[in-house]
Amino acid sequence: SPPLLEVNDLKMHFPLGGGLLRSPTKFVYAVDGVSFRVERGETLSLVGESGCGKSTVGRAILRLLKPTGGQVVLSGKRIDDMSSGTLRPLRRRAQVVFQDPFSSLNPRIRVRDALAEPINNFGLAKNRADLAAKLDALMDKVGLPREALGRWPHEFSGGQRQRIGIARALAAEPDLIVCDEAVSALDVSVKAQIVNLLGDLQKELGLALLFISHDLAIVEHMTHRVAVMYLGKIAEIGTKRQIFARPRHPYTEALLSAVPKPDPLAKRDRIMLKGDVPSPISPPSGCRFHTRCPYVFDRCRTEEPRLREVERGHEAACHLNDRDPQDNPLLDGARA
Ligand code: SF4
Ligand code: MG
């Protein structure tokens, strides 16, 4: 059977000036040729600094944005070029949890009605009793008391709000939930609770998660695979173990060096990247990371490295991986 989600050479090139110019001469290359798959029941984390295009990828998958190139295939069906009418029944299958669920919840609508909306829209309840049972079950699933159904959004704490946001996503009975910085605004202890809840729900329901985050420490707790994005492209993708223990891209290595380690003896030397992320309007030539890379050499400035397999299931886009292992600084400090 096909993977649950397949993204092939996805592009999001936004014309500068909001598309009002008849023939725009400049584009924002927000997403510039991104490919990956997500299997049923799997968590893939999309990580990178803000502006790397990870949220835009999420919005394209949800078809909140229409891709300007490439394909998004959900359960074997291409959704990137579907009309909204054809897309309607498929929308149920991919739901979203945003950083602030209250940007998507109406403050004048009680929790009950907010959760009933997707159930009714997608015709998922047989009758009123079935609807009531589904609402109770959703509250149980996300660990909120059933009586909270009668309350208003503002009556809840940040963590509880995020549980409601998750319940609303679950109400549509999706196969995939896109979590866009879903725990980033929460306190540390609450963060852990919500991450654990997502993990439990995933196991219980066989959900796939696309977990978009800038926070590698959180990702390490709950992901199966990781894709690292830089300036609209995937720099490296692999299993959690491969990415965390044997990174094969200098950008991943730098991001990991900033993750605090519980064991002080395992302390990593922090790699400070020079400069800011360049503009996606005119990305650097050759390797997009070359303006900040501690290992940059001549070839990097002119030739773009392709994403290629460095070990089974692990791909990286860096010229260093073409060298003999003893000349590859990425292989020096392999982490335990
Ligand atoms: Fe650094 Fe060159 Fe590798 Fe790019 S290709 S990450 S500039 S070493
Ligand atoms: Mg974002």
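## Getting to know a predicted model

Of the 13 residues around ligand 1, those that come nearest are Cys-287, His-290, Cys-293, Cys-300 and Cys-318. Keep in mind that this is a predicted model.

**Exercise 1. Work out how the residues of the shell around ligand 1 divide into nonpolar, polar and charged.**

Step 1. Start from the 13 residues around ligand 1.
Step 2. Sort them by type: ten are nonpolar, three are polar and none is charged.

**Exercise 2. Find which face of helix α6 is buried, and what covers it.**

Step 1. Locate the helix: α6 spans residues 188-205, 18 residues in all. From first C-alpha to last, α6 reaches 26 Å, close to the 26 Å expected at 1.5 Å a residue.
Step 2. List the buried residues of α6, which are Lys-191, Ile-194 and Leu-198.
Step 3. Look down the axis of α6: these buried residues fall within an arc of 70 degrees, so they line one face of the helix. An α-helix has 3.6 residues a turn, so residues three or four places apart point the same way.
Step 4. See what lies over the buried residues of α6: the cover includes α5 (158-171), β7 (176-180), β8 (208-213) and α7 (216-222).

**Exercise 3. Decide whether Gln-193 and Lys-240 are buried, exposed or partly exposed.**

Step 1. Place each residue: Gln-193 lies in helix α6, and Lys-240 in helix α8 (residues 240-245).
Step 2. Count C-beta atoms within 10 Å, remembering that 20 or more others make a residue buried and 12 or fewer make it exposed.
Step 3. Gln-193 has 16 others, so it is partly exposed. Lys-240 has 17, so Lys-240 is partly exposed too.
Step 4. Check the surroundings of Lys-240: beyond its neighbours within four places in sequence, Lys-240 is in contact with Glu-220, Thr-223, His-224, Arg-225 and Val-226.

**Exercise 4. Identify the residues with the most contacts inside the largest nonpolar core.**

Step 1. Find the core, which has 81 residues.
Step 2. Pick out Leu-210 and Val-228, which have the most contacts inside it.
Step 3. Trace what Leu-210 touches, leaving out residues up to four places away in sequence: Val-38, Leu-44, Leu-46, Gly-58, Ile-61, Leu-176 and Val-178.

Key. Residues are numbered from 1 along each chain as its sequence is written. Chains are lettered from A and ligands numbered from 1 in the order in which they are written. This is a predicted model: local features need pLDDT of at least 70, side-chain atom pairs count only at pLDDT 80 or more; totals for chains, interfaces and linings use all residues. A nonpolar core is a set of buried Ala, Val, Leu, Ile, Met, Phe, Trp, Tyr and Cys residues joined through C-beta atoms within 7 Å. Two residues are in contact if their C-beta atoms, placed from the backbone, lie within 7 Å. Helices (H or I, at least four residues) and strands (E, at least two) are DSSP runs, numbered from the N terminus. The expected span of a helix is 1.5 Å times one less than its number of residues. The arc is that of the directions from the helix axis to the C-beta atoms. A residue is near a molecule or strand if its C-beta atom, placed from the backbone, lies within 6 Å of it. Ala, Val, Leu, Ile, Met, Phe, Trp, Tyr, Cys and Pro count as nonpolar, Asp, Glu, Lys and Arg as charged, and the others, Gly among them, as polar.
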